[in-house]
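Open the model in your viewer and follow the stops below. Each one says what to select and what is there.

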Amino acid sequence: MLPRAAFGASDGFRIGIIGTGRIGGALAELWARAGHELLISSRHPDDLKPLAARLGANVRIGTPREAAEFGDVVLIAVPYGALPQVGRDYAGLMARKVVLETGNPRRERDGPMATPALERGTGVASAEYLPGVRLVRAFTSVPHTALRGEAHRDGERIGVPLAADDRDALAVAARLVEDAGFEPVPVGGLARARDFDVGSPVFGRALTARELRQVMGVAR
C-alpha cells in the first residue's frame with residue numbers, strides 16, 4: 001500500500017535513505033526541512049551523526065537494512081556498481097514499496113556491469129536488480145551541486161526527469177521532487193529513463209523544467 005501522503009494527506013512520508021553521500025545527503029536535508037521523517041544510512045552510520053544532529057529530531061541514523069525496513073519510501077543513492085548487492089540484500093524488505101533510485105553506471109568506476117546497463121537503459125537494468133519494488137528513476141541527471149544550490153529558487157525551477165511504470169509511485173516521486181524544491185518532469189515508463197542516462201543531452205545539466213521538456217520532447 002502507498003503511504004497516506006500519496007493520496008493527498010498532509011502527513012509526511014517515512015523515508016529510508018540507503019547511501020547518504022552527495023545526492024542522498026542533499027536530499028535528506030531538503031526533505032527534513034519539508035517535514036518528512038527520515039532514517040539516513042551508510043556503511044558507517046556513526047559518520048552520519050553530525051548530519052542527523054543538524055537536521056533535527058525527525059532524522060535518525062541506521063544501517064542500510066534498517067533504512068530499507070523503515071521507509072514507506074526508500075531512496076537508493078549508491079554507486080551503480082553496488083546496486084546488484086543492494087537488491088540481493090534488501091529487495092525483499094522493500095517489496096511493494098516506492099523506491100527512488102539515483103545511480104548512474106560509469107565504466108571507469110563500476111566495471112563491466114556498466115556497459116550492458118547503459119546499452120539497455122538504466123530503468124530496465126535497475127528494475128531487474130530490484131525485483132518487486134515500485135521503482136522510479138529520479139534525481140539521476142541533475143548535478144549534486146544544483147541540488148544544494150538551486151532548490152526552491154525564485155522564478156522557473158530546475159526540472160527533475162522521472163521515469164516509472166507505476167503511476168502511483170510516480171505521483172509519490174513527483175511530490176518528493178516538489179518538496180525538495182524542484183519541478184518534476186515525468187517522461188514515461190522505465191524504458192525512457194535511458195533518455196536521461198549518462199551521455200544523453202540532458203545528463204549533468206541543471207535545466208529548467210521548460211527547457212527539459214523541450215529537449216526531451218515531452219508535454220507538460
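**Nonpolar cores**

This is a predicted model. Begin with the largest nonpolar core, which has 41 residues. Select L27, W31, I40, L100, V136, F139 and L162, the residues with the most contacts inside it. Next, select L39, F70, V133 and L190: they are among the 21 residues of another core, which lies apart from the largest one. In soluble globular proteins, nonpolar side chains tend to be buried together.

**Salt bridges**

Now turn to the charged side chains; the whole structure has 16 salt bridges.

Select R54 and E29, which form a salt bridge with their closest N and O atoms 3.1 Å apart. R54 belongs to helix α2 (residues 49–55) and E29 to helix α1 (residues 22–33), so this pair ties together parts that are 25 residues apart in sequence. R54 is exposed, at 52% relative accessibility, whereas E29 is buried, at 12%.

Move on to R60 and E37, another salt bridge, whose closest N and O atoms are 2.8 Å apart. Here the partners are in strands: R60 in β3 (residues 59–62) and E37 in β2 (residues 37–41), so the pair ties together parts 23 residues apart in sequence. R60 is partly exposed, with a relative accessible area of 41%, and E37 is also partly exposed, at 26%.

Finish at E128 and R120, where the closest N and O atoms of the salt bridge are 2.6 Å apart. E128 counts as exposed at 52% relative accessibility, while R120 is partly exposed at 36%.

Methods. Residues are numbered from 1 along each chain as its sequence is written. This is a predicted model: local features need pLDDT of at least 70, side-chain atom pairs count only at pLDDT 80 or more; totals for chains, interfaces and linings use all residues. Side-chain values use heavy atoms; hydrogens and water are left out. A nonpolar core is a set of buried Ala, Val, Leu, Ile, Met, Phe, Trp, Tyr and Cys residues joined through side-chain atoms within 4.5 Å. Buried means under 20% relative accessible area, exposed over 50%, partly exposed in between (1.4 Å probe, protein chains only). A salt bridge is a side-chain nitrogen of Lys or Arg within 4 Å of a carboxyl oxygen of Asp or Glu. Helices (H or I, at least four residues) and strands (E, at least two) are DSSP runs, numbered from the N terminus.
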